Amino acid sequence: MTRYVYRFGGDVSDGGQGDKNLLGGKGANLDGMASIGLPVPPGFTISTPVCALYYDNNESFPDSLKAEVATGITHIEGVTDKRFGDAADPLLVSVRSGARVSMPGMMDTVLNLGLNDETVVGLATISGDARFAWDSYRRFIQMYSDVVLELDHGRFEEALEIAKEDRGYSLDTEMTAADWQTLVEEYKAIVVELWGKPFPQDVHDQLWGAIGAVFGSWQSERAKVYRRLNDIPGDWGTAVNVQAMVFGNMGDTSATGVAFTRDPAIGENAYYGEFLINAQGEDVVAGIRTPQYLTRAARERAGAKPLSMEEAMPEAYAELARVFDQLERHYRDMQDIEFTVERGKLWMLQTRSGKRTAKAALKIAVDMANEGLITRDEAILRVDPSALDQLLHPTLDPSAPRDVLTKGLPASPGAASGIAVFDSDTAEKRAANGEAVILVRVETSPEDIHGMHAAKGILTARGGMTSHAAVVARGMGRPCVSGAGTLSIKASEGVMRIGTREVREGEVLTIDGSTGEVMLGAVPTIQPELAGDFGTLMVWADEVRRLKVRTNAETPLDCRTAREFGAEGIGLCRTEHMFFDAARITAVRQMILASDEAGRRAALDKLLPEQRSDFIEIFEVMVGLPCTIRLLDPPLHEFLPHEESEFEEVAKAAGLDVETLRRRAAELHEFNPMLGHRGCRLGVTYPEIYEMQARAIFEAACAVAEKSGAAPVPEVMIPLVGTRRELELMMDRAAQAVFAEQGRTIDYLVGTMIELPRAALRAGDIAEVGEFFSFGTNDLTQTTLGVSRDDAGRFLTTYVEKGIYARDPFVSLDVEGVGELISIAAERGRATRPDIKLGICGEHGGDPASIAFCEETGLDYVSASPYRVPIARLAAAQAALRAR
């Protein structure tokens, strides 16, 4: 019989061997902590396969699961010496999710399960603290009603606020046992009103309701959005962890907290975290109360008055510090830990590899390698290449004037400016219209995930450094300022107030997630300095990677930026971008609208010196490096005039009347220009266009070689080739003519862009005349899938959600379809020409998963936009290490 339940704690382990795929990350690590002797409350894990079975069987459980869960409860009872549902000394449990990778806040949790009208009295008696017992019961009713019964959470919050208001209280901690007992009755009445039935009193019904709700939360909208944003497969499922409750809300000798073994924002090797005395875990992460600092140094640095845990609970803190060191040595990574102190005794509730910013990831990886905790190869593999994006963009200019409105907690580093918006739907809508937005909330919840992703930065009035807003923002690389307590936010009115000042929706804010400052208006930025740990890790990465990394660039600025980021040449220079320059667009249009070759050559003669100058500037930056230059590719209609004034300008330059030009423009109209008169088809029908471009390339290369003594290596790329003959017609007549005129030669290659399925299939023939292939994966994806990239946004998200594609194929390569064509072309091209150079130059060249495929296929290089060059370098190193 298949086993579904695995016990842990109390010197019992049912195996699983720390398998996160089976037990989920939380379950595997709970079992792991118990196995090394740490104080872990006993419990059991319902494995991830049950999640798939739950959905396959119309949200019902396997027949054998009930008995296994009963065995798990018996295990907890045996270790704790308490009984589930016992009115005198009840066992209470938590029910939590646990996917194989951390999804903070995306799925559901239920605490204090097992309380009812009878067991609450027993809990009050056995604990000697009636206030604690009734507080725990009201928390349970509120959480269970929200998570399991799906009732309006706001009704319960409103009842609590009214209860405090009526009594003149400002804090939850002022509520007495009698106050909580009265509120429990109000909560139960709300349940009857909204649900139509009394709150469940049978503890076993409570347990199975919670288990179902946790499995059900795997398919919640927020979880699906998070998985889509983080490329987590929907078929992984979640585990469910049932564990004996320990209580941080049993008075002043009890506490709960969240901590990191190193600073997750900057990577400093110092304990980092927050705690609350007389509280439960959700109080810390939900931002309901502003927590206290873990260490005295952190408290003093922040200028905070409430005592740190190190000062208020020195014995528990000392034990916690020992646990930090033990866990980091055991897991060999920075750990994110949840803990509770119950009447002075420390309990560990969770550990996992902590989410961190890119800056912290770099520092932690390099430091741990230098400390000997991990190897250099492991350090390379520890840093998510995509996360480097966080380091490659501007930060606030420290010398720029700023109008500081308030200061909160520096929850996620970086800086951003944008218009203030007060709800996630508006943030998503306005961001889709191209506006930069700052999402301003009292506090964020998992339902805000789409707005947080759309926003440039996040600002909250409540919450600490480990609140939902902070954790999610760090994971996304978004700047975040949390706990800005002086803010008064009226989302319904679209306004926030700070003292006598106010900011309305649509006004520009700037936030600095590194200092916690909130400023009115936009503040200038400066470019980051990529040195130190970044430089160290890149050196290590370059030592192990095989793939070369080039850049897609067609301006000197882009080329210089890419060189600074470590680019080893140009993989794609799109010459058509040069044609759109205002100073030359008229000559381009004159060439296109000319009715004969003579007219085209007259216009091309005007463009030749401009193109030559363009290439000289690029080659001077890329001296000695390969430069792949794609000849004109887009359909000609893209350059045509639209306005009357533009037609008049071209008519004047060409010496023709406007009506003649209009007729010529109409003749060039195409119904499907993406598959029309473009690419090499232009070179076949109007060879003088490609002749001019080739001449400009070789004249520029000779000029740079003459000036610098070191020539670039031009690689002339003919786009949209589908047959051998098309490429053969484009061969190097211009090069020989220029070399004869200049009295010198330089090395160069002529090749093609593989972007049609036919070209991939006939690569052996094409390689007879082509010296390199560059896979244009943008168009190859379009032509292989029969999907227009410009129109696919309307349905691709649905395709990914329904599992038709694992990821957007324009973001990450479709390995099964497009990838197979690349593999075929590489194999057949090399069979004809063993030394043929192979690379990719589409957007996929900066995607880590696509780069891994390029490594497996044996391509020679990838090419990415300048700011993605470091990402490609690290991803290429990781691919090489994994291929060993």
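This is a predicted model: local features need pLDDT of at least 70, side-chain atom pairs count only at pLDDT 80 or more; totals for chains, interfaces and linings use all residues.

Visitor: Why is Gln181 called partly exposed?

Guide: Gln181 has a relative accessible area of 37%. Buried means under 20%, exposed means over 50%, and partly exposed is what lies in between, with a 1.4 Å probe and protein chains only. The value of 37% falls between those limits, so Gln181 is called partly exposed.

Visitor: Where is Gln181 found?

Guide: Gln181 is found in helix α7, residues 177-195. Helices (DSSP runs of H or I, at least four residues) and strands (runs of E, at least two) are numbered from the N terminus.

Visitor: What makes Arg299 buried, with a relative accessible area of 14%?

Guide: The value of 14% is under 20%, so Arg299 counts as buried. Arg299 lies in helix α11, residues 296-302.

Visitor: How do you know that Thr551 counts as buried?

Guide: Its relative accessibility is 0%, which is under 20%, so Thr551 counts as buried. Thr551 belongs to strand β26, residues 548-552. Contact means heavy atoms within 4.5 Å; leaving aside neighbours within four places in sequence, the contacts of Thr551 include Ala562, Met622 and Val869.

Visitor: Is His844 buried or exposed?

Guide: His844 is buried, because its relative accessible area is 0%, under the limit of 20%. This residue is found in the loop between β32 (837-840) and α35 (848-857).

Visitor: What joins the side chains of His844 and Thr777?

Guide: A polar contact of 2.7 Å joins them. The term requires a pair of N or O atoms within 3.5 Å; within protein, one must be able to donate a hydrogen and the other to accept it, and residues adjacent in sequence count only if both atoms are side-chain atoms.

Visitor: How is the lining of the second largest pocket divided?

Guide: Its residues divide into 10 nonpolar, 11 polar and 10 charged. Ala, Val, Leu, Ile, Met, Phe, Trp, Tyr, Cys and Pro count as nonpolar, Asp, Glu, Lys and Arg as charged, and the others, Gly among them, as polar. The largest share of this lining, five residues, comes from α32.

Visitor: What makes the protein as compact as a globular protein of that length?

Guide: The secondary structure comes to 36 helices and 33 strands. The radius of gyration, taken over C-alpha atoms, is 32 Å, close to the 29 Å that the globule rule (2.2 Å times the number of residues to the power 0.38) gives for 884 residues, so the protein is as compact as a globular protein of that length. Of the 884 residues, 56% count as buried.

How values were computed
Residues are numbered from 1 along each chain as its sequence is written. Side-chain values use heavy atoms; hydrogens and water are left out.
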